[in-house]
Amino acid sequence: MILVTGATGRIGGRVVHELTAAGATVRALTRRPDEVQLPGGAVAMPGDLRVAASVEPAFEGVDVAYLFPVPGWPIADLLALARKAGVRRIVLLSSATLPGGPSLIEQQHRANEDAVRASGMLCTFVRPTAFMANDLSWAPSIRAGDTVYNAFPDASLAPVDEHDIAAVVAAALLDDDRAGHTYELSGPEPLTTVERVEILGEVLGRPLRFTELSPQELRTALVAHHPPAVADAMIGVLAAASGTTAPILPGVHQATGGPPNTYAEWAGRHADRFR
Ligand SMILES: NC(=O)c1ccc[n+]([C@@H]2O[C@H](COP(=O)([O-])OP(=O)(O)OC[C@H]3O[C@@H](n4cnc5c(N)ncnc54)[C@H](OP(=O)(O)O)[C@@H]3O)[C@@H](O)[C@H]2O)c1
């Protein structure tokens, strides 16, 4: 049996879909088991990753677990409970090496990896770069006035589709031979902020405007949704990525054998969110 945490989110939901489509027996962790609808006979289990004891029942009878990081989770306690319950293998969602040196975000992900390595269980690390899905935060201002407000117009990223991240996670969960591997994933092309706005406009069939914010204005917008230290780390990554060309990372192809989805493919799937 496979346990998927973060199972109702953008990546985890797709992981559950892929695993059940492949015929796996799946248990899906959620804080809202009575509200969620899961694909393909996956069974919802209650649990809060910030309260280790609440997850203990979900580990019983599980062979492989996918861990989706939640800030402030007691990861060592969670891993100890998993091991005690007989879990053999962990697949961890981590993060790629980001521009500008080890940011706070990267340090947190590497600490998670260290904890999993120290747990004594077999492990696979899935390290995506920036998510294409981050650009869904542009949807309200595009719907309201065809405008994207952002700083760092020439920050180059090679963002990755959440479906590709999920495909790599699912491949790792389904195959014991993936133990010991670290998959670093990006999308197929380096794109600046302005280039992504242009592609979105082409997919939506109408030109979009880009209005540049100062880093301080972006920080004000970010701290509405993130702790200030995380907002500062995000700004540091974008500043370091400005004027560069983002590297293309091989993980999607290594894990699935296929190419990663393009930004235009991702935008086409989410077009309704921007209309
Ligand atoms: N954004 C990036 O560019 C980037 C890059 C690399 C890595 N990451 C990592 O990706 C993750 C964010 O992914 P996302 O935005 O796509 O997530 P998301 O779709 O918003 O999904 C959130 C999921 O987390 C679960 N969850 C939240 N708090 C929980 C808790 N205390 N206990 C149990 N489950 C909890 C939710 O489950 P319920 O509500 O059902 O309980 C839900 O399934 C972060 O861990 C981040 O570090 C992000």
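Threonine 30 places a polar side-chain atom 2.6 Å from an oxygen atom of the ligand. The model is a predicted one, and the distances below are computed from it.

Arginine 31 has a polar side-chain atom 2.8 Å from a ligand oxygen atom, and for asparagine 134 the corresponding distance to an oxygen atom of the ligand is 2.9 Å. Each of these pairs can be checked against the cut-off for a polar contact, which is a pair of N or O atoms within 3.5 Å. On its own, the ligand has 950 Å² of accessible area, and the protein covers 78% of that.

Next comes the shell of residues around the ligand. There are 24 residues in the surroundings of the ligand, and the closest are Thr8, Arg10, Thr30, Arg31 and Leu49. Sorted by class, this shell has nine nonpolar, ten polar and five charged residues.

The aromatic rings are a separate topic. Counting rings whose centres lie within 6.5 Å, the model has two aromatic pairs. The reasoning needs one cut-off: planes over 60 degrees apart count as edge-to-face. Are these two residues, tryptophan 266 and phenylalanine 274, buried or exposed? Tryptophan 266 is buried, and phenylalanine 274 is buried as well. Ring pairs also bring in Tyr263, which is linked with Trp266 and Phe274 into a cluster.

Terms used
Residues numbered from 1 in each chain as written. Predicted model: local features only at pLDDT ≥ 70, side-chain atom pairs only at ≥ 80, totals over all residues. Heavy atoms only, no water. Near = heavy atom within 4 Å. Polar contact = N/O pair within 3.5 Å; in protein donor to acceptor, adjacent residues only side chain to side chain. Areas by Shrake-Rupley, 256 points an atom, 1.4 Å probe, with all protein chains shown as cover. Nonpolar A, V, L, I, M, F, W, Y, C, P; charged D, E, K, R; others polar. Phe/Tyr/Trp six-rings, centres within 6.5 Å; stacked < 30°, edge-to-face > 60°. Buried < 20%, exposed > 50% of the residue type's maximum accessible area, 1.4 Å probe, protein only.
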